[in-house]
Amino acid sequence: MATMLALAKSRPEAGLWQITAPVPEIGPDDVLIRIAKTGICGTDIHIWNWDDWAQRTVPVPLITGHEFAGRIVELGRNVTGLEIGQRCSGEGHLIGRDSRQSRAGKFHLDPETRGIGVNEQGAFAEYLRLPAFNVVPLPDAIDDETGAILDPLGNAVHTALSFDLVGEDVLITGAGPIGIMAAAVARHVGARHVVITDVNPTRLELAIQVADVVPVNVAQEDLADVKARLKMREGFDVGLEMSGNQAALDQMVENLVMGGRIALLGIPPGKSPVDWSRIVFKGITIKGVYGREIFETWYKMIAMLENGLNVRPVITHRFAAHDFAQGFEAMRSGAAGKVVLDWS
Ligand code: NAD
Ligand code: ZN
């Protein structure tokens, strides 16, 4: 039996372990992908830490990882339209086809969604089995490293394109990799001012290296002063919440215009108090955002990358796969943007 190297949650405790696993066997509708690069996600950190969410969600043992780029090396017998040797990334959410939303073509709203590297065998491995339906071919203009971060870029694009940003003033709370990429997207599609907040100066420093944005450390500076400095009279038109932090959402509501719109991607750790009356009286619209639109987000993001959107500087660390522990350490330090592992 052919074997491969992989990173797995092998025991129900903190950590990930390098293992030798069988190369996955593919079904008639699947492809086998030789992984080239993978991204480490905040989700992978939760799984590493084995927090409450991970304990409730992740089966043991499981090969983790869901952000990847690679090359197709085997096609199931029913697969058409793809070729061996094709470079690709892919949608890591595996969807059912029976729900009302799926049958309406709104695949990203399927309630049966299962995630590779979370519920199903993942991409931190030399080989990944993926339904051909989930494969997204990569044009030559998008290299493997960028291909490996299309999943989080897709979160950023899905959130940023939730509302029309042309000429609007946009507030992004949380300068993690996704907030920073959302800022780059907001700029690319024609927002006027893009203000990004954080409490971590390293993250704000990275934000201005990636996109033409106004960084604000909310531990030191008041957003009201920033609005005055930018000559904004009423408030931000659109808010993209990307920190999962309660205080950030409060600040966003406070600094939005009447009738402003908020897209929420950040995941708070538990229940958190919300001043709903403030939201009601301001006439604010709130949209929850999960994953990527399948496959409209992928289409838009690839088109933008081919047309000048550059998010590469958000990748701050690169390691060989067997040095994964260093990669996770960099992520856990809070000093990193995206961390990419090389499986070639
Ligand atoms: P991250 O944890 O790297 O970034 C969050 C940032 O928010 C950090 O830099 C942190 O310092 C900052 N922050 C903390 N308190 C703040 C405050 N009061 N004001 C402003 N910023 C503050 O996360 P990420 O990987 O960039 O992801 C962003 C969020 O999106 C996370 O909450 C993550 O769980 C969530 N997420 C959601 C989906 C989805 O499908 N809905 C997918 C991926 C990630
Ligand atoms: Zn991810």
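Which element gives the largest share of the lining of the second largest pocket? I looked this up and found that E9 does, with 4 residues.

I worked on a predicted model, in which local features need pLDDT of at least 70 and side-chain atom pairs count only at pLDDT 80 or more, while totals for chains, interfaces and linings use all residues. Residues are numbered from 1 along each chain as its sequence is written, chains are lettered from A and ligands numbered from 1 in written order, and side-chain values use heavy atoms, with hydrogens and water left out.

Entry on Ser-99. I located Ser-99 in the loop between strand E7 (93-94) and helix H3 (100-103), where strands are DSSP runs of at least two residues and helices of at least four. I noted Ser-99 as buried, with a relative accessible area of 13% (buried means under 20%, with a 1.4 Å probe and protein chains only). The side chains of Ser-99 and Asp-110 are joined by a polar contact of 2.5 Å (a pair of N or O atoms within 3.5 Å, of which, within protein, one must be able to donate a hydrogen and the other to accept it; residues adjacent in sequence count only if both atoms are side-chain atoms).

Entry on ligand 1. I counted 21 residues around ligand 1, with Asp-198, Arg-203, Ile-267, Val-289 and Gly-291 as the closest (a heavy atom within 4 Å). For its oxygen atoms I recorded 2.9 Å from one to an N or O atom in the side chain of Arg-203, and 3.1 Å from one to a backbone N or O atom of Ile-178. A nitrogen atom of ligand 1 lies 3.2 Å from a polar backbone atom of Leu-265.

Note on methods:
Buried means under 20% relative accessible area, exposed over 50%, partly exposed in between (1.4 Å probe, protein chains only).
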